[in-house]
Amino acid sequence: MRFRIKNIVLIALLLLLSSGCGVFTSVREDDGRPSGRKTDRGDSPGLSLEQEASKNHQDYYGPGVPVALVTDVSSGISNGFNQAALKGMQTYAVGAGVSYSCYNVYTDTPDSCKNTILTAIENRAEIVICVGAHFEQAVGSLQEEYGNISFLLLDGVPKDSAGREIPASSNVHCVTYREEEAGYLAGYMAVLEGFRKFGFIGGEQLPAVERYGFGYLQGIDAAADVLGVRDNIQVEYWYADTFYPGGEIEDMALAWYRNGTEIIFACGGPIYQSVLTAAEAGGGMLIGADMDQSEISGLFLTSAMKGIDSSIIIALDEFFANGRKWPKRLAGSTVAYGAKENCISLPILDDAWRFQRATQNEYLRLLARLKSGGISIDTKLPLKTNIAIVNHNAEEESDS
């Protein structure tokens with residue numbers, strides 16, 4: 001009998017207030033295998049998600065049946081993509097009575113990602129949720145050999161050892177997102193709010209990060225055209241080539257704020273921490289990415305959100321309802337979720353709505369145009385915009 005989402009979400013969300021990940025596992029860098037010590041939630045009651053996640057830098061492991069979540073090196077940082085993925089898995093698993101475990105890698109290399117997945121499989125996982133493009137080659141190398149294991153790959157597709165896309169096997173289902181739509185919403189609404197000097201700091205230059213940025217630029221451009229203020233718009237643009245916070249990111253953001261930048265879209269997991277530090281020192285504001293980050297600081301104007309948690313719930317529901325395998329329409333396929341599927345939005349509830357001039361009605365009309373296909377957003381270079389963009393990566397290349 002199919003387990004319907006609408007019957008579990010409310011009770012699951014209540015249970016999540018007191019739940020945490022059943023097991024966190026790290027694969028060691030020396031031999032790629034865990035040390036053999038075990039733990040469970042009973043060993044560490046009352047830990048916050050971030051405290052629980054920090055345990056994955058120790059050699060703990062344990063059996064997780066049947067769902068396993070494997071994340072990249074940023075999983076110890078909350079309020080981002082990995083936390084949203086964890087929330088989605090927990091919501092389904094707790095409500096459905098399914099056991100689960102969580103694993104993360106020490107380094108974002110294909111071998112480390114592969115070893116992490118193998119550890120989850122050795123611990124009897126039946127479906128492995130792989131979070132992020134760093135797992136593309138690992139899934140590509142394992143999908144045929146482990147045909148009895150199902151894979152859910154988020155933000156990527158299987159690739160070979162040379163990084164070329166390869167067909168997904170029937171035991172693999174891939175989910176991508178239309179991040180360009182979320183970036184568009186954030187940029188457009190920020191212009192309506194009155195901002196004119198913008199920044200974008202992305203993490204690694206992966207497709208998902210690029211799509212956020214490309215949509216952001218086009219949203220700014222479109223709103224500036226409507227208001228007739230294109231000549232007043234400037235955007236500083238930079239990929240930091242990392243998903244870790246650090247001094248270089250903080251220095252870049254602070255220099256921008258001190259030079260007049262009013263708001264920066266921090267798009268790369270925990271790099272928002274460095275941008276937030278700079279915003280506090282430089283009197284600027286931020287736009288968050290992936291999930292609602294308004295609770296972190298009052299300096300977040302809004303967040304460009306994609307439905308990571310809901311997409312996992314949908315996928316797991318399909319998997320278990322079909323007898324613990326992907327239904328034909330999902331097997332070996334890639335689904336792109338966007339505004340049309342209610343997976344792209346800005347936060348509007350309670351204190352998360354920080355706009356003072358731009359209205360929710362304006363936002364909802366814009367969102368409706370996205371859902372209907374009334375807005376076209378480019379996702380490949382060269383982009384056609386009429387606003388001034390300072391590409392700092394191009395400047396770095398010319399200086400090298």
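Predicted model: local features only at pLDDT ≥ 70, side-chain atom pairs only at ≥ 80, totals over all residues.
The accessible surface of this chain comes to about 16900 Å², and carbon and sulfur atoms account for 47% of that area. Of the 400 residues in the chain, 55% are buried. The chain contains twelve helices and 16 strands. If we take contacts between residues at least 6 apart in sequence, 70% of them join residues at least 24 apart.

Let me turn to the sheet. Seven strands form an open sheet with mixed pairing, and their order is β15-β13-β12-β11-β9-β10-β16. At the edges are β15, residues 344-345, and β16, residues 388-391, each of which pairs on one side only. Within this sheet, strand β9, residues 197-202, pairs with strand β10, residues 234-239, in the parallel sense over six bridges. In this pairing, F200 stands opposite Y237 of β10. Helix α8, residues 247-258, packs on the sheet and touches β9, β10, β11 and β12. The direction of α8 makes about 175° with that of β10.

Is W238 buried or exposed? Its relative accessible area is 1%; the cut-off for a buried residue is under 20%, and W238 is therefore classed as buried.

Which residues does W238 touch, leaving aside those up to four places away in sequence? They are F200, I201 and G202, then E248, I249, M252 and W256, and finally H392, N393 and E396. As for Q205, this residue is 33 residues from W238 along the chain, and the C-alpha atoms of the two are separated by 9.6 Å.

Terms used: Residues numbered from 1 in each chain as written. Heavy atoms only, no water. Pairing = 2+ DSSP bridges. Helix = DSSP H or I, 4+ residues; strand = E, 2+ residues; numbered from the N terminus. Contact = heavy atoms within 4.5 Å. Axes fitted to C-alpha atoms, helices over the stretch in contact; angles between N-to-C directions. Buried < 20%, exposed > 50% of the residue type's maximum accessible area, 1.4 Å probe, protein only. Areas by Shrake-Rupley, 256 points an atom, 1.4 Å probe, with all protein chains shown as cover.
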